[in-house]
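Hi there,

Here is the structure I promised to pass on. Have a look at it first, and then read my notes below.

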Amino acid sequence: MAGEKRRFTIGYALLPKKENSFIRESLVNLAKSRGVDLVKIDRERSLVDQGPFDCVLHKLYGEDWKIQLADFRSRNPNAVIVDSPDAIERLHNRISMLQVVSELKIENQSETFGIPKQIVIYDQETLFDNQAWELLKFPVIAKPLVADGSAKSHKMTLVFNRDGLNKLKPPIVLQEFVNHGGVIFKVYVAGEYVQCVKRKSLPDVSEEKLKSLEGSLRFSQVSNLPTHEKSDDTYYKMMNLEDTELPPQIFMTDIAKGLRKAMKLNLFNFDVIRDTRFGNRYLIIDINYFPGYAKMPGYETVLTDFFCDIMILKEREKGLLEECSQKKMAGTDGRQLLNCEEEVRKTVTNSGCSDGEEKENSIQV
Ligand SMILES: O=P(O)(O)O[C@@H]1[C@@H](OP(=O)(O)O)[C@H](OP(=O)(O)O)[C@H](O)[C@H](OP(=O)(O)O)[C@H]1OP(=O)(O)O
Ligand SMILES: Nc1ncnc2c1ncn2[C@@H]1O[C@H](COP(=O)(O)OP(=O)(O)O)[C@@H](O)[C@H]1O
Ligand SMILES: [Mg+2]
Ligand SMILES: [Mg+2]
């Protein structure tokens, strides 16, 4: 009907746990009220047989899913896939994950950022090799090299001395443990949107304490433990979230934008700690694809805004492509038309990727 706004359909493919936490009625209803329908993709059926979808939102792993997405993309070149599986894959390895941080250039006079010193260990022999240890000093955190979302990939060991190395199972990343006052900052990114929140982390380890600690301590997803579990435990007693100041918002936003552009990802968060030795030095220790947005205040609005941005971008692309075909009908030769269509795709795809001024409604595609 004339004047009726076109609706936009987003198919989502998520593991059951993620679907439960993310696809809440409040999100579905808000998105619907703004013209976006969220539709579950049936994982028992092939993706190309479902839809039509203007966009596919996903957090699934494995070769079969990658093939399905590639198939879908070739049959639906105008649909947006959030995000590209190749771009996500970089986050499945804790070395490639943080490499991108070292390549970022951000101008800031008063704060600095980087990553903790780290080495990768592929076998048991290298673990005890003195040469490998020249760079690092205890305590260190041993993290599984693979970060594929499995429970195993979150199992960390805080190692206090050489004795603690015996129980480790390579391939692992050994990362210097940096005292940070027991508070971690989680910076959530959804397209253009950036929000930083505080969470409890591991307490500092003093030089004194280090001498008396035995071997190692295993832990997993400390920032996700329910609050009562932490407050019952004397180990977590010293931490005080309320008294901790957030990092400067503009600094976190600049890092988030730089990461988004470099990684070509729209949906991620990164964990940041502030080195207590220098109150203005920030270290990025982890980057997660499609994190737990539902824990973020106002997540429904943030995500719906993001969906609408994709919708606006697609509409803009459609309008520009229509202009191209009108030029064709007006007699412009075929070669020029091809250039026109290429230009449109380049313009829309690169929105927000340019080094110059950031355009509104930019999505990394
Ligand atoms: O489930 P949630 O809400 O705790 O979210 C997890 C994230 O928590 P966060 O939002 O950072 O507090 C979590 O972040 P952390 O690893 O705790 O820094 C991961 O992103 C996790 O995904 P995966 O297991 O690595 O694939 C996320 O798990 P999935 O929901 O994607 O399984
Ligand atoms: N280099 C580090 N120094 C101090 N604490 C760290 C460091 N790396 C990780 N941590 C602590 O360990 C937790 C888990 O590590 P992280 O790399 O974020 O793994 P995961 O992917 O399981 O969240 C962090 O939330 C933080 O509390
Ligand atoms: Mg983390
Ligand atoms: Mg992680």
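Which polar backbone atom is 2.8 Å from an oxygen atom of ligand 1? The backbone atom belongs to G292. I call that a polar contact, meaning a pair of N or O atoms within 3.5 Å; within protein, one must be able to donate a hydrogen and the other to accept it, and residues adjacent in sequence count only if both atoms are side-chain atoms.

Before you go on, a word on the ground rules. This is a predicted model, where local features need pLDDT of at least 70 and side-chain atom pairs count only at pLDDT 80 or more, while totals for chains, interfaces and linings use all residues. Residues are numbered from 1 along each chain as its sequence is written, chains are lettered from A and ligands numbered from 1 in the order in which they are written, and side-chain values use heavy atoms, with hydrogens and water left out.

Back to ligand 1. There are 19 residues around it (a heavy atom within 4 Å), and K59, H154, K186, G292 and K295 come nearest. Side chains reach its oxygen atoms too: a polar atom of K17 lies 2.9 Å from one, and a polar atom of N269 lies 3.0 Å from one.

Now the metals. The magnesium ion (ligand 3) has D271 (OD) and D286 (OD) as its protein donors, at 2.0 to 2.2 Å. Donors here are N, O and S atoms within 2.8 Å of the metal (3.2 Å for Na, K and Ca); water is not among the atoms, so sites may look incomplete. D271 sits in strand 13 and D286 in strand 14, 15 residues apart. The magnesium ion (ligand 4) is coordinated by D286, through two OD contacts, and by N288 (OD1), at 2.1 to 2.8 Å. D286 bridges the two ions, which lie 3.7 Å apart. Is D286 buried or exposed? D286 counts as buried because its relative accessibility is 12%, and buried means under 20% relative accessible area, with exposed over 50% and partly exposed in between (1.4 Å probe, protein chains only). D271 is buried as well.

Finally, the sheet. Strands are DSSP runs (E, at least two residues; helices are H or I, at least four), numbered from the N terminus, and two strands pair if DSSP finds at least two bridges between them. Strand 5 runs parallel to strand 14 (residues 281-289), with three bridges joining them; one of them pairs T112 with R281.

Cheers
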